[in-house]
Amino acid sequence: RNQESSSSGHCLAVVLSRLADAVTPLWRLPYQEQLQVKYESQRKILQTLASRLEELGIDAQKPGGLCCPLQPVVPSPIINGYRNKSTFSVNRGPDGNPKTVGLYVGTGRERNIVCVKANHVENIPSKHKQVAQCYEEFICCSPLDSCILFHEGGHWRELMVRTTGCGHTMAIITFHPQELGQEALATQKALLKEFFTCGPGAVCALTLLYFQESTMTRCSHEQSPFQLLHGAPHIFEELLGLKFRISPDAFFQVNTAGAEVLYQAVGELCQATGDTVLLDICCGTGTIGLSLAQRVSKVIGVEVVEKAVEDAEWNAAFNGISNCEFHRGKAEAVLPQLLASWEDARPLVAVVNPSRAGLHYRVVRAIRNCRSIRRLLYISCKPEGEAMRNFLELCCPPDPRKKLAGEPFVPVLAVPFDMFPHTVHCELLLLFTR
């Protein structure tokens, strides 16, 4: 038994190390070395952009083969436990428990996926781990199975946890209803609420608890509404002296302290004056635009998530900011119409902060063809991906075939921000002018 226990302990340690290496590949390096690794990766991205621009006939080579000067990586104010949002899966663990709540190790191709508890992952705060552990305790006592593969049945699925510096904690539990009726669903929701408010899960001190019935991998509130089981509908965060309301599926930077540093830099690079109009594309809950509202004459935000727009409007009103307007809808539908009739003589500065999928081509085209936009700040969490396509579209020569009539932009400065310590990811702020 001692030998079996020793072997089991060794295997668990190996699996935990594999999880840490998968989720936070740089966790073994001192933080200054992590920053240097990220600087080198961003330098290669700018070299690639310079080469791609050269292929388009644009002389973009700067010292070091970069397309523009690259500043050192701005460090995160918080290195460990900085994430304000974590998503945990439910699947079979290393010990065979099919109701393990954690993160995946392995690949589908090799058929060696296991779900490992995230207790030793350094970028996830202890509160998130506590909620995940309590959720596992709850579903392990439930007669209902976990939903590992949709077609094989089962019900218990993902857990999302969001926390704020105000001490608020939101938990969202995703549940596959399968063939359960409304009465059975109501029973499960009542049991969940009781567990987290009166039972063992009360130790988590949840501010609010949501339940979402979902037959898809991921779905929005519009596709399947978030059902509030406990607490008020929102959590709140403070950032740069403002208070922000956050809905379940609204975007908010996962590193709040890092976001403050990033948004301060955005404000400086905008070079906004009292008559500037700020165009905040993919604005989420309005954090960037609202944080800069006092510096400009007007903020115009565009956001596809309806609940995020409601948050942005509430945030503006609560903070006494009256020079902001927010437009609901896909940026590729809203922006071309908004800019096509633009006749305002005031300087127009654009800030874009899209998802990893980057900007739709129609958004880039609308920006290119709006002569009033002379300054553009592009924030990307994956500049080597689809954002690279956007960079080239912004900088390429005018092309009548693609309806790109506007003067091209030029990259003039790159500033990387370490929003994700211990991982290989970096948030890159690229300033374009024309």
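This is a predicted model: local features need pLDDT of at least 70, side-chain atom pairs count only at pLDDT 80 or more; totals for chains, interfaces and linings use all residues.
Colleague: How many salt bridges does the structure hold?
Modeller: Side chains of opposite charge can pair when their charged atoms come close. Some of the pairs here are linked into a network, which joins E386, R389 and E393. For the structure, the number of salt bridges is 14.

Colleague: How far apart are the closest N and O atoms of K38 and D418?
Modeller: The two residues form a salt bridge. The distance between their closest N and O atoms is 2.5 Å.

Colleague: How many residues apart are K38 and D418?
Modeller: K38 sits in helix α2 (residues 31-55). D418 sits in the loop between β15 (410-417) and β16 (427-433). K38 is buried, as is D418. The pair links distant parts of the chain, with a separation of 380 residues.

Colleague: What is the N to O distance for K189 and E213?
Modeller: Their side chains meet in a salt bridge. The cut-off is within 4 Å. The N to O value for K189 and E213 is 4.0 Å.

Colleague: Which parts does the pair K189 and E213 tie together?
Modeller: K189 and E213 are both buried. They are 24 residues apart in sequence. K189 lies in residues 182-197 and E213 in residues 208-213, so the parts tied together are helix α4 and strand β6.

Colleague: How many disulfides does the count come to?
Modeller: A pair needs its cysteine sulfur atoms within 2.5 Å. By this rule, the number of disulfides is zero.

Colleague: Which cysteine has the sulfur nearest to C67, and how far away is it?
Modeller: C67 is in no disulfide. C67 counts as buried, at 1% relative accessibility. The nearest cysteine sulfur belongs to C68, at 3.9 Å.

Colleague: How far away is the cysteine sulfur nearest to C115?
Modeller: C115 is buried, with a relative accessible area of 0%. C115 is in no disulfide, and its nearest cysteine sulfur is that of C140. The distance is 11 Å.

Colleague: What arc around the axis do the buried residues of α8 cover?
Modeller: Helix α8 (residues 331-340) has A331, E332, V334, L335, L338 and L339 as its buried residues. They lie on the same side of α8, because their arc is only 165°.

Colleague: Which residues are exposed on the other side of α8?
Modeller: An α-helix has 3.6 residues a turn, so residues three or four places apart point the same way. The buried residues of α8 pack against several elements, among them β10 (277-281), β11 (298-303) and α9 (361-368). On the other side of α8, the exposed residues are A333, Q337 and A340.

Colleague: What is the relative accessible area of Q253?
Modeller: Q253 lies in the loop between β9 (242-246) and α5 (256-270). Its contacts beyond four places in sequence include N84, Y263, N353 and E427. Q253 is buried, with a relative accessible area of 4%.

Colleague: What is the relative accessible area of N353?
Modeller: N353 lies in the loop between β13 and α9. Beyond four places in sequence, N353 is in contact with residues including F251, Q253, I281 and E427. N353 is buried, with a relative accessible area of 8%.

Technical notes: Residues are numbered from 1 along each chain as its sequence is written. Side-chain values use heavy atoms; hydrogens and water are left out. Buried means under 20% relative accessible area, exposed over 50%, partly exposed in between (1.4 Å probe, protein chains only). Helices (H or I, at least four residues) and strands (E, at least two) are DSSP runs, numbered from the N terminus. The arc is that of the directions from the helix axis to the C-beta atoms. Contact means heavy atoms within 4.5 Å.
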